[in-house]
Amino acid sequence: MKTSNPVLSRLGQAAERERTAGYGPYGPAGHAGYGQPGYGAPGYGQPYPTAEGYPAAPPAVQPMTIDDVVVKTVTLLGITAISAIAAWNFIPLQLTVAAWIGAAMVGLVLGMVISFMRIANPALVVGYAVVEGVFVGMVSKAYQNILGFEGIVLQAVVATFGVFFLMAALYRARVIRATPKFQRGMIAIMGGLFMVMLINFVLALFDVNTGLRDNGPLGYIFSLVCIVVAALSFILNFNEIEEGVRQGLPQKYSWTAAFGILVGLVWLYIEILRLLSFLQGDD
């Protein structure tokens, strides 16, 4: 089954190559694939026989399931939470901002590597969860302990998971559908937002304030837009998972699917945290 989502298309192509790498017309070491008539020497269209005299069967590839994605997602969230708590408790207050920026940069690089790789790499995904835990822990500590927004972390966590489960319910009820047009639009919007935030960050380094991240009308609007887009990005995640299960992607690709959900949750949490700080700052 074909999909218009480019990320899922790359995963599907990678998985298909993985399934057929050793068992196509010319498999490992020049062996022919199965289904060829007769027997012969390797390199002449036949596989090596086993010790019992029968051709070796191709290794079974366990397909990905929804349960696999749920387990991997919960695992990544647990790792992120533990990393965040450890960073909060063990990184000194005076190093909070430095650790925040460092984790953000490392997380960005790891996230881009994972996103553009054509294979699933559980070790990289777990490493990303650890780094994002440090990032989330430092941002949360800065808002609550340095900026003095009491209770804001718990409020942001509850709101984040509330939005996530709401989007899951809306997707399951087919209230919001991941049509090809929706997918193309969301990918374009998220790419545009990423570029705007990157340009805003670079300008901030040169003391140019655009107002996008300030407690003002423009800051409110931009934060709300980011929250809505982050919430809708889960529809893309759910669709990718559903299509991946239909396509029979190997089980290890559940790590990639869980990674996508983790990225969305962290983004949504940070944007909600920022908006709540604006609201508390007006009190």
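Predicted model: local features only at pLDDT ≥ 70, side-chain atom pairs only at ≥ 80, totals over all residues.
**Charged pairs**

That pair is also a salt bridge: the closest N and O atoms of Arg-246 and Glu-242 are 3.8 Å apart. Salt bridges with shared partners join Arg-174, Glu-242, Glu-243 and Arg-246 into one network. In total, the structure holds 4 salt bridges. Three of them are set out here.

| Salt bridge | N to O distance |
|---|---|
| Arg-174 and Glu-242 | 3.0 Å |
| Arg-213 and Glu-271 | 2.9 Å |
| Arg-246 and Glu-242 | 3.8 Å |

Let's take Glu-242 and Arg-174, whose side chains meet in a salt bridge. This one links distant parts of the chain: Glu-242 belongs to helix α7, while Arg-174 is in the loop between α5 and α6 (180–205), 68 residues away.

Now for the Arg-213 and Glu-271 salt bridge. Arg-213 lies in the loop between α6 and α7, and Glu-271 is in helix α8, so the pair ties together parts 58 residues apart in sequence. Is Glu-271 buried or exposed? Its relative accessibility is 2%, so Glu-271 counts as buried.

**The second largest pocket**

Helices α2 (66–90), α5 (152–172), α7 (217–247) and α8 (254–281) each give at least two residues to the lining. What classes of residue make up that lining? It has 14 nonpolar residues, 1 polar and 3 charged.

The unreviewed UniProt entry lists "transmembrane region" for residues 69–91, 97–116, 123–140, 152–173, 185–206, 218–241 and 253–270. Two of these spans can be set against the model. Residues 97–116 are 100% helix and 0% strand, and their end C-alpha atoms lie 29 Å apart. For residues 253–270, the span is 94% helix and 0% strand, with 26 Å between the end C-alpha atoms.

Key: Residues numbered from 1 in each chain as written. Heavy atoms only, no water. Helix = DSSP H or I, 4+ residues; strand = E, 2+ residues; numbered from the N terminus. Nonpolar A, V, L, I, M, F, W, Y, C, P; charged D, E, K, R; others polar. UniProt positions renumbered as here; feature names shortened; annotations may be inferred. Buried < 20%, exposed > 50% of the residue type's maximum accessible area, 1.4 Å probe, protein only.
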